[in-house]
Structure formats: C-alpha cells, structure tokens
Amino acid sequence: MTILGATGSVGTSTLDVIARHPDRYEVFALTAATRVDELAAQCLRFQPRFAVMADERAARGLASRLEAAQLSTRVLSGPQALDEVAAHPDVDAVMAAIVGAAGLASCLAAAAAGKRLLLANKEALVVGGALFMETVRRGGATLLPIDSEHSAIFQCLPEDPASWPQRVERLILTASGGPFRGRDPSTLSDVTPDQACAHPNWVMGRKISVDSATMMNKALEVIEARHLFGLPPSRIEVTLHPQSVIHSMVEFIDGSVLAQLGTPDMRVPIACGLAWPERVESGSQRLDFRQLASLTFEEADERRFPGLKLAWQVLEAAPGTPAVLNAANEVAVAAFLDGRLRFDRIHAVNVETLDRVRPSKAQSLADLLDLDAQARRAAELAVGRMAS
C-alpha cells in the first residue's frame, strides 16, 4: 500500500488498521507535507520502500533522520514523486488522504494506473468531477469511498451499480451539525479556530473540522455523492443527526431504508475499504445499543448553515463550478485559521468567488489546476476586502 497523507488523522488511522493485519498488508510508501518527526517515526515502524515529502527542505531533514537510523527507505520530494508512488507497479492499493485539492494529481495517477483507490480526499473528486470518474473507468481502477458517509451508502447499496437509478429513491447523508448546531448565527462572529475545531463527536484535522462547523464538508459530500453514485442531485438529501451513530442511509423505491451504524471512528470505513468485499478487525469500539439514550434527527437550518445549499447550486451550474467552490472554501478556511478572516465570513468569500469566476469544462488536469488557481486568486481578493 501507498498512503498519501500518512501523518494526518486518516493516514494514522489507516496505519493503525494495517498494523493489526501484518499478514495482509505491507506499506510500500508513506507521504507527508512537512511533518518530518511524525513521518520519521512512521518510517521507523513500518519501514516503507519510499517516503515522500511535499517540501524539499523537509525531505532533506527526513533523509538525514532515516540515514542516522540506518533505514533503507528512499526519500523523495515534490508532486512528481507523489504521482510515482501512487502509480508504481508494485503498489496494489492507495489510500488517498491528502487534504484538499493538493491531492488531486496523485489520485488521478493512481486511478490511471488501475489501482484499488481508497478515497478519503473528497476534494479531489469535487474538483476532478467527471474527469476524475472517467480516469477511474479508463484506468480500470477500483474506487472505494472512505468518508464515513459515503462508505455507509456504499455498504447499503446493491452490488450492481447499473440497478441504482431504478431501485434507489434517495441517498440521505447524515451530519452531526458540528460544534455550533445550537448557536444563534448572530453570535458566530467571534468564534475562534480552537472553538471551530472542537468537534463534539469526531477527531479530525483542522481544515475538515472547520468545514464541519460551517457544514461545507456536507456540501462537498453532496457533490462527491453525485459523482460516486450517479444519482441526480435532487435525490440526495442531508439530515442532522447529532449522535453520529447512523452514518448515512439509502431509501429504496419501495419505501424501505437501509442504514449503516457504528461508533464515530474512521477506522471502521478504512477497514471496510482495505478488505472489501471481506471484513477485517478495525480496532474500533463496538456500538453498545444499551448505552444509546436516543437517536434524533433535525432539518438542516439554512440560516445557520448557508453554505450547505451551495452544493445543489454548483451541481446545476456550469461544469467546473464545484472546483471553484472548493478552491474558495480552502482559501477562506485557511484565512480563518490564520486569524485573517472572521468565521461568519467564510460563506461570503465562497459566494463572492462563485460570482466572479466563470469556469468552463476541464479537459485535462492542467485545465483543472488553472481553474483552481483562478478561483484562489479571486478568493484571496475577497478575503482581503472582508478582512479590512
């Protein structure tokens, strides 16, 4: 296996599951952006053939550390190296867990090489869209969703994808509502990054934690579900489920509903993707129904979560519009985490960027990257105006 984004929350959880099954899985390559200490520790434990750092200076530091430890792991750096370890002939499966659009190129490389692609990077599919799915089909890759919601839907659907449009009435994505579900929207202007990242149920990275607080993560998941499962946006819904026990549901045309339940632990969908169609031990705590006081559901309040409705709007807009939304949101969230933008203005940056950038259908990775860059420039201008 190659694990793209090994030092993040999904990457470390993947290594935890792999460590429980040394007879089944071998780590071929580990990658990270700048976290030298964490990746060095992982290399010492799993002894991959390759380690890749996105940052060249960080790669030199890692190489020095591994050489001192007399480890034979070869250290590479840069985007091309990410593509190489994702598409290498000796790799069977790739865990795609790089955060944001930065993971798109390596995901496409794995898909084109026909790998078993465990997709935890929703942004790659949101940005790549039809081009990404066509690359999966052309390369003969096996695409397995790792986001807990999409994994849940995948597990509930019939095995034959061709039957989904005729048999499925709707897909229901559940959302916890994040840390501000009960807050009046008028009180969110002074929210701090630490408050936004304090998710009540899940332990996640800071970017996705902020997305959960704004519900932009759910908007991106709606877009992802549209591409993964092929149903029209009108048949994809979101409901708030604060307990995060039901991870998503599928309603069929006869009125029956299948749901996947479990503790809020990413090792469950990771283990599912690793072993599918078999099952392996994940290490997660078992769900104890005797301890569940209640399972509740609420309608998502558009006044509190205005970004959620953008999912359906961009899916009905010109091709490439979801990529613009993703780029704008990445810029806005980064500005918030850096203290340059108020929490309650993230949505305004996204809306202004969508108004200013007019996309066209991408024919290549270069087209997608150019569109991403245009949107980021527009979003940075919006951040500058709103920060002042």
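Mentor: A polar contact here is a pair of N or O atoms within 3.5 Å; within protein, one atom must be able to donate a hydrogen and the other to accept it, and residues adjacent in sequence count only if both atoms are side-chain atoms. With that in hand, the backbone oxygen of Ser 9 lies 3.0 Å from a polar atom of the side chain of Ser 13. This is a predicted model, in which local features need pLDDT of at least 70 and side-chain atom pairs count only at pLDDT 80 or more, while totals for chains, interfaces and linings use all residues. Residues are numbered from 1 along each chain as its sequence is written, and side-chain values use heavy atoms, with hydrogens and water left out.

Ser 13 belongs to helix α1, residues 9-19, where helices (H or I, at least four residues) and strands (E, at least two) are DSSP runs numbered from the N terminus. Ser 13 is buried, at a relative accessible area of 17%; buried means under 20%, exposed over 50% and partly exposed in between, with a 1.4 Å probe and protein chains only. Beyond its neighbours within four places in sequence, Ser 13 is in contact with Arg 267 and Ile 270, contact meaning heavy atoms within 4.5 Å.

A polar atom of the Thr 263 side chain lies 3.0 Å from the backbone oxygen of Gln 285, and, neighbours within four places in sequence aside, Thr 263 is in contact with His 247, Ser 284, Gln 285, Arg 286 and Leu 287. By contrast, Glu 302, in the loop between α12 and α13 (310-316), is partly exposed at 49% relative accessible area.

Turning to the fold, the chain has 16 helices and 11 strands, and it is divided into domain 1 (2-146) and domain 2 (152-264 + 286-386), bounds that come from an automatic or database domain assignment. The C-alpha centres of the two domains lie 24 Å apart, and 21 residues of domain 1 are in contact with 23 residues of domain 2.

The interior can be described through nonpolar cores, each a set of buried Ala, Val, Leu, Ile, Met, Phe, Trp, Tyr and Cys residues joined through side-chain atoms within 4.5 Å. The largest has 110 residues, of which Leu 39, Met 95, Phe 132, Leu 171 and Phe 229 touch the most other members. Because domain 1 and domain 2 both give residues to this core, it lies between them. Apart from it lies another core, of 21 residues, among them Val 191, Ala 196, Cys 197 and Val 349.

Finally, for the chain of 388 residues, a compact globule would have a radius of gyration near 21 Å, and the chain has 20 Å, which agrees; this radius is taken over C-alpha atoms, and the globule rule is 2.2 Å times the number of residues to the power 0.38. Of the 388 residues, 55% count as buried, and, among contacts between residues at least 6 apart in sequence, 69% join residues at least 24 apart.
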